[in-house]
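Here is a short report on salt bridges, pockets and a surface patch. Sequence and structure come first.

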Amino acid sequence: MTRSFPPRSALRDFLESESAGGMLLIFAAILAMIVANSAFAETYEHAIHAVTGPVLTDKLGPMTVHLWINDGLMAVFFLLVGLEIKREFVDGRLASWDRRRLPFIAAAAGMAVPAALYMLFAGKEPGLAQGWAIPAATDIAFAMGVLALLGKRAPTSLKLFLVTVAIVDDMGAVAIIALFYTAEINMAALGAAAAILALMFVMNRSGVKSLILYLLMFLLLWYAMLLSGVHATIAGVLAAMAIPFERTPGAPDSRTSPLHRLEHALHPWVAFAIVPLFGFANAGVDIRGLGIDQIFAPLPLGIAAGLFLGKQVGIFGSVWLSVKLGIAGRLRGATWLQVYGVAMLCGIGFTMSLFIGGLAFPGDTLLVEEAKIGILMGSLVAALVGFAVLRFAPLHPQHSAVESASNGEIAADGDVRDTSEGQG
């Protein structure tokens, strides 16, 4: 019997769960900071690093709570990211080159400029160059949580722009993790992973739609990737590419599409459990007795500058140039000041930045803690300034009419047909 879900689009579920989950993530991060700087700091550290499992690979050693979260649960997070990427490319806002153009340009500039600023501030310091990708990613949940605080003042076109840019951004982050943060490769394990993935694609082509079978194969793929030396979370994105998907152009999501069913099922678990848990386990940094010299050391300063300055310059600058050059149209129902505010919110790099920070400096607790300081500083300032800009920016003259039309489009077929006003 096929499991059904409420007749709602994945887009609507995504916007709502990411917004509410983002606020929960904000709370989890604040709680982690409070606990890490209280009398319970030692208990917090012991709980996170408590040994709770066997040795799955000699490289990692005995599994701890922290490893289960970062290498295990985050693979489920990446599985959802992969499902969203596939849906958007096959039947969503990235299904055509016209609709991909602006998000790709904005995401590319939004990764390149922060990385360049990081290298300017920290790249010349011994051992710090490998952290260049830390400020390159945007946290969808956190940014959507901030947008949710604005209520109806945040135009739908901006929310969708943020989502699509962040999804393309995630693609870049996944590629970076696979290419630049992989140490020694176990070719036998990598070959096993390739065989498992190939079998999943054969299942897809053969018409197999059982999600249980695909999830069991995903578990095997995760373990093979863990042994291979490529970060195990990449298994999530790869597995998502093999999940069968039924296109529904101009109509709500299919009740029989395995990808839609899995995406609907995973959204609440990822938004309300996995990402907040990751935030709580990774955001806690002891800042008691921290001096100005440590806060403004090259590593945290480079990350903070990349997130706060690099993201807004890269994304807003590329969008503005794209519109002026006729490459893309202006976002529908949004003013330039609102676009700038959302570009600022893209500087919230919390989840993915923390994740990459741990990969950039493996085993170096001091540098990982410094990276956390930079991530928290840059993300916090970007969130506060971005919120302030959007809260006080005048609304577009046609705000109400455009929002009504967008809501009607989502209700009718599960998506917004166009988020731009046309090129020129």
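## Salt bridges

The side chains of R288 and D286 form a salt bridge, with N and O 2.9 Å apart. The term covers a side-chain nitrogen of Lys or Arg within 4 Å of a carboxyl oxygen of Asp or Glu. By this rule there are five salt bridges. R288 is partly exposed at 46% relative accessible area, and D286 is partly exposed at 36%. Buried here means under 20% relative accessible area, exposed over 50%, and partly exposed in between, with a 1.4 Å probe and protein chains only.

This is a predicted model: local features need pLDDT of at least 70, side-chain atom pairs count only at pLDDT 80 or more, and totals for chains, interfaces and linings use all residues. Residues are numbered from 1 along each chain as its sequence is written, and side-chain values use heavy atoms, leaving out hydrogens and water.

## Two further pairs

K209 pairs with E246 in a salt bridge, and their closest N and O atoms are 2.6 Å apart. K209 sits in the loop between α7 (187-205) and α8, and E246 in the loop between α9 (234-242) and α10, so the pair ties together parts 37 residues apart in sequence. K209 is partly exposed at 40% relative accessibility. E246 is partly exposed at 22%.

K372 and E369 also meet in a salt bridge, at 3.4 Å from N to O. They are three residues apart in helix α15, so about one helical turn separates them. Helices are DSSP runs (H or I, at least four residues), numbered from the N terminus. K372 is buried, at 11% relative accessible area. E369 is partly exposed, at 23%.

## The largest pocket

The largest pocket has a volume of about 1000 Å³. Its lining has 41 residues, and H66, L67, G358, P362 and G363 lie nearest the centre. A pocket is found on a 1 Å grid over the protein atoms alone: an open set of points where a 1.4 Å probe fits, with protein on both sides within 12 Å along at least five of seven lines. Lining residues have an atom within 4 Å of a point. Points are joined across faces, edges and corners, and the volume is the space filled by probe spheres set on them.

Helices supplying at least two lining residues each include α3 (65-91), α10 (258-283) and α14 (350-360). α15 gives the most, with six. The lining divides into 21 nonpolar, 14 polar and six charged residues. Ala, Val, Leu, Ile, Met, Phe, Trp, Tyr, Cys and Pro count as nonpolar, Asp, Glu, Lys and Arg as charged, and the others, Gly among them, as polar.

## The second largest pocket

The second largest pocket has a volume of about 490 Å³. It is lined by 20 residues, with I30, F142, L376, S379 and L380 nearest its centre. α1, α5 (140-149) and α15 each give two or more. The largest share, eight residues, comes from α15. The lining holds 19 nonpolar residues, one polar and no charged.

## A nonpolar surface patch

L24, F27, L31 and F272 form a nonpolar surface patch with about 350 Å² of accessible area together. Patch residues have over 30% relative accessible area and no salt bridge, and nonpolar side chains (Val, Leu, Ile, Met, Phe, Trp, Tyr) are joined within 5 Å. Areas come from the Shrake-Rupley method with a 1.4 Å probe. Helix α1 (residues 10-36) gives the most, three residues. L31 lies in helix α1 and is partly exposed, at 33% relative accessible area.

Notes:
Patches are made of residues with over 30% relative accessible area and no salt bridge: like charges are joined within 9 Å, nonpolar side chains (Val, Leu, Ile, Met, Phe, Trp, Tyr) within 5 Å.
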